[in-house]
Amino acid sequence: MTQFERVTLLLLRLALGWLFLYSGATKVLDPTWSSAGYLKGAQTLEGVYAAMTSPAVLPVIDVVNAWGQLLLGVSLILGLFVRLSSVLGAVLMLLYYLPVLKFPYVAHGFLVDEHVIYGLALLYLAAARAGRQFGLEEWCSRLPICARFPQYRRWLG
């Protein structure tokens, strides 16, 4: 990989990391924030997303959503556990995409919106092992604990 490719991968990782860190932090720090409005506005799988707004489930959805975004951002910025967090982030993007899809149209186009782009970019970061490019995964891979459990390195970076 050339230096230009490494730096470009780093910039993509940091930009997505900041996007998710900021989005998650604003949700975590705002006690009035809830995903209920987004879930109630679902145009696809309405019943599934409506069930997520029940009083027993919604608090769990809100915590997983807010903290998931925040931790995804931290992971990408630090370059640690990028493969795992990126795959989970891509799944999160799919869950964001489905409610706004009114097949085959989405708010800003035909089939493809920002959730698809973010999801694909996250999958690229996972495939490219982006945490190894100026991230903590390179350092972590040399630790004795990583040498003891090499089977986990596939998922963690």
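## Overall architecture

Followed along its sequence, the protein runs through the pattern α-α-α-α-α-β-β-α-α-α-α, and its secondary structure amounts to nine helices and two strands, where helices (H or I, at least four residues) and strands (E, at least two) are DSSP runs numbered from the N terminus. This is a predicted model, in which local features need pLDDT of at least 70 and side-chain atom pairs count only at pLDDT 80 or more, whereas totals for chains, interfaces and linings use all residues. Residues are numbered from 1 along each chain as its sequence is written, and side-chain values use heavy atoms, with hydrogens and water left out.

Taken along the principal axes, the C-alpha atoms of the protein fill a box of roughly 45 × 35 × 30 Å. Among contacts (heavy atoms within 4.5 Å) between residues at least 6 apart in sequence, 73% join residues at least 24 apart.

## Burial, surface and charge

Of the 157 residues in the protein, 38% are buried; buried means under 20% relative accessible area, exposed over 50%, and partly exposed in between, with a 1.4 Å probe and protein chains only. The protein exposes about 9300 Å², of which carbon and sulfur atoms supply 73%, the areas coming from the Shrake-Rupley method with a 1.4 Å probe.

The protein has 12 positive and 8 negative charges, and their mean positions are 12 Å apart. Lys and Arg count as positive and Asp and Glu as negative, while His and the chain ends are not counted; each charge is placed at NZ of Lys, CZ of Arg, CG of Asp or CD of Glu.

## Aromatic pairs

The structure holds three aromatic pairs, defined by ring centres of Phe, Tyr and Trp (its six-membered ring) within 6.5 Å, with planes under 30 degrees apart counted as stacked, over 60 as edge-to-face and the rest as tilted. One of them is the tilted pair of Trp-18 and Tyr-22, at 6.0 Å centre to centre with 35° between the planes. Both residues lie in helix α1 (residues 3-29), four residues apart, about one turn of the helix, and both Trp-18 and Tyr-22 are exposed.

Another pair is edge-to-face, because the planes of Tyr-38 and Tyr-96 stand at 75°, with the ring centres 6.1 Å apart. This pair links distant parts of the chain, with Tyr-38 in helix α2 (residues 36-40) and Tyr-96 in helix α5 (residues 82-100), 58 residues apart. Tyr-38 counts as partly exposed because its relative accessibility is 34%, whereas Tyr-96, at 15%, counts as buried.

## A charge over a ring

The charged end of Arg-6 sits over the ring of Phe-134, 4.2 Å from the ring centre; the criterion asks for NZ of Lys or CZ of Arg within 6 Å of the ring centre and within 35 degrees of the ring normal.
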